[in-house]
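Let me put the sequence and the model up, and then I'll talk you through what I looked at.

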Amino acid sequence: MFDIILKDLRDRFGDKVLLSPEDLAPVINKSEGQQGNERSEGKFPIPHKVEGRRVKVSIYHLAQYLADIGSGEVRQEISKIPDKLTRTQKKNTKGLLEKNWWLFRSTQITSIISKSILELELTAKPAQKRPQSKI
């Protein structure tokens, strides 16, 4: 899966090897601000490099993260996504080739991964009661 994701990331970003948070946002489904918050808290899951004020992530680390992130349940859900596009999907993508399946499926896959991470966080941390405001 790593090779397929890397190839499609290369198709998307061309010769770029180091990606900015702006480049990452649509791929990992996190805004630049969310990424910054996670980096400052030490919770950003992808290895990154800071050069002055600029943050860069290697395309290889991104591909590895996307390939490794899935648990068994996530991999099962991802496997349910069809490999081939239907005729309607082909028309909607304006005839783009199926070989770039990651570009078509990245939103679905990242949402599955995000859901899985959120469920893990919710089960790992006990719910805290909010103090009731006095009106």
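Let's start with a quick one: in which strand does L18 lie? L18 lies in strand 1. Before I go further, keep in mind that this is a predicted model.

So, the overall layout. The protein has seven helices and three strands, and if you read along the sequence the pattern goes α-β-α-α-β-β-α-α-α-α. There are 135 residues, and buried ones make up 33% of them. On contacts: take those between residues at least 6 apart in sequence, and 58% of them join residues at least 24 apart. The protein exposes about 9800 Å², with carbon and sulfur atoms supplying 52% of that.

Back to L18. At 34% relative accessibility, L18 counts as partly exposed. Together with V17 and Y60, L18 makes a nonpolar surface patch of about 230 Å².

Now step along to S20. It sits in the loop between strand 1, which is 18–19, and helix 2, which is 21–28. Is S20 buried or exposed? S20 counts as buried, because its relative accessibility is 17% and the cut-off for buried is under 20%. And what does S20 contact, once you leave aside its neighbours within four places in sequence? That would be V55 and K56.

On to the other end of helix 2. N29 is in the loop between helix 2 and helix 3, and helix 3 is 32–40. Here's something to look at in the backbone: N29 is not a glycine, yet it has a positive phi of about 65°.

How buried is Q35, in terms of relative accessible area? The value is 0%, so Q35 is buried. Not counting residues up to four places away in sequence, Q35 touches P21, L24, A25, I28, K30 and F44.

Let me turn to charges. Side chains of opposite charge can pair when their charged atoms come close.

The one between K16 and D23 has its closest N and O atoms 2.6 Å apart. K16 is partly exposed at 39% relative accessibility, whereas D23, at 15%, counts as buried.

The side chains of K30 and E38 meet in a salt bridge, 2.9 Å from N to O. Both ends are under cover here: E38 is buried with a relative accessible area of 18%, and K30 is buried at 17%.

The last one I'll show is K49 with E51, where the closest N and O atoms are 3.6 Å apart. K49 is partly exposed at 46%, and E51 is also partly exposed, at 38%.

And F44, the other one I asked you to hold on to. Which charged residue sits over the ring of F44? It's R39: its charged end is over that ring, 5.5 Å from the centre. As for ring-on-ring pairs, a search of the whole structure finds zero aromatic pairs.

Conventions
Residues are numbered from 1 along each chain as its sequence is written. This is a predicted model: local features need pLDDT of at least 70, side-chain atom pairs count only at pLDDT 80 or more; totals for chains, interfaces and linings use all residues. Side-chain values use heavy atoms; hydrogens and water are left out. Helices (H or I, at least four residues) and strands (E, at least two) are DSSP runs, numbered from the N terminus. Buried means under 20% relative accessible area, exposed over 50%, partly exposed in between (1.4 Å probe, protein chains only). Contact means heavy atoms within 4.5 Å. Patches are made of residues with over 30% relative accessible area and no salt bridge: like charges are joined within 9 Å, nonpolar side chains (Val, Leu, Ile, Met, Phe, Trp, Tyr) within 5 Å. Accessible areas come from the Shrake-Rupley method with a 1.4 Å probe; for residues, only the protein chains shown count as cover. A salt bridge is a side-chain nitrogen of Lys or Arg within 4 Å of a carboxyl oxygen of Asp or Glu. Rings of Phe, Tyr and Trp (its six-membered ring) pair if their centres lie within 6.5 Å; planes under 30 degrees apart count as stacked, over 60 as edge-to-face and the rest as tilted. A charge sits over a ring if NZ of Lys or CZ of Arg is within 6 Å of the ring centre and within 35 degrees of the ring normal.
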